[in-house]
Amino acid sequence: MSGAHYSYQFQANRVRAEFFRLLPISLFVVAFGAAFGLASTQEGLSPLESILMSATVFAGASQFGALDLWGTEVSVLPMMVVVFAINSRHLLMGASLYPMLKQVPPGRRYGLMLLLTDANWAACAQDYQNGRHNLEVIVGGGLVLWLAWIFGTALGVYFGGLMQNPEAFGLDMVLGCFLLTMALGGQKSPRVLVAWSVAAVSALAAWKWLPPNMHVVVGALAGGLIGLFWLEPKAGAGKEVASDH
Amino acid sequence: MTIETTSAGVLALIAIMTVVTLITRFGGVFLMSFVRINPRVESFINTMASSVLIAIIVPMAVGGDLGALAALVATGVTMLATRKPLPSITVGLLAAALVRYLA
């Protein structure tokens, strides 16, 4: 556990480059933030409360999920369950970055995780699959996404009428389309395609038959099991010492 | 237990949401610090990582409207053909907008 373990070198210029790399997608995040700001105002949150929630929670789907439970009173436990279930994908996302994160001292490691969200994680995971260690995108990309989310929320709170119907422009699909480009930009070996099929079928089954919001974790773990039992032939090369059984 | 949505109540709810979300952001990393990374574990988390994307996207395509499906198909086809994310996303959004306009 000496400092020598923590070999990851952050480069300020790469953080800046990743900030600008995710700037285009952040413009769409502004539109979503505006939709959230409008919805939260309609549920009776004050402007500052809405903006505070976006700044500290920074997880859009779960914020919308919590709004669904909003009223003059909110039941705490159901709200916690909804927020946890929707955000439980973060558990897997964080875990998947661990081979890189272990090269970073714990304080900074958890600091990075404050900015973890779907888009910067997907970019980071794709780079990792292509052999590039890029935690800078978590910082720089996360920062631009976070600012866009807050800015969008403020826009929606104060000028909600600007975008009444973001779906008409397909804006609700930005994140889905972005994640799809990240998936297709990665490796596509037979092993990965089998894992994807298992993930897709499991996610659909969970979405249909399990309680709401569990399909991402179920599908991802099911896909992961394929990787657990079917190793990429070259993945073990040079690391035989670590695999003693 | 319920919390009234007074000013103090809303702040408490936001604090609770923040803590729950932080647990999800930190939890996976924390648990992994007890796991020894060998090729098998690495294979598991790499396959799981790309499966996260599929598990988000597929129910979105199946459960959404025709516009959602059009967006994902158009994005997928363009991405496979060009390997350029931004043009692919743009084509996807246009497809969704067009399908919804016509519907």
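Two strands count as paired if DSSP finds at least two bridges between them, and helices (H or I, at least four residues) and strands (E, at least two) are DSSP runs, numbered from the N terminus. In this predicted model, local features need pLDDT of at least 70 and side-chain atom pairs count only at pLDDT 80 or more, while totals for chains, interfaces and linings use all residues. Residues are numbered from 1 along each chain as its sequence is written, and chains are lettered from A and ligands numbered from 1 in the order in which they are written.

Strand 1 of chain A (residues 73-75) pairs with strand 1 of chain B in the antiparallel sense over 3 bridges, and Glu4(B) in the latter strand has Glu73(A) opposite.

Taking contact to mean C-beta atoms, placed from the backbone, within 7 Å, 85 residues of chain A are in contact with 65 residues of chain B. On the side of chain B that touches chain A, two or more residues come from each of strand 1 (2-4), helix 1 (7-32), helix 2 (39-63), helix 3 (66-82) and helix 4 (85-102) of chain B, and helix 2 gives the most, with 23 residues.

Within chain B, the axes of helix 2 and helix 3 come within 7 Å and cross at roughly 135°, where axes are lines fitted to C-alpha atoms, for helices over the stretch in contact, and angles run from 0 to 180 degrees between N-to-C directions. Helix 2 of chain B brings Ile57(B), Met60(B) and Ala61(B) to this contact, and helix 3 of chain B brings Ala68(B), Leu69(B) and Leu72(B).

Key: Two residues are in contact if their C-beta atoms, placed from the backbone, lie within 7 Å.
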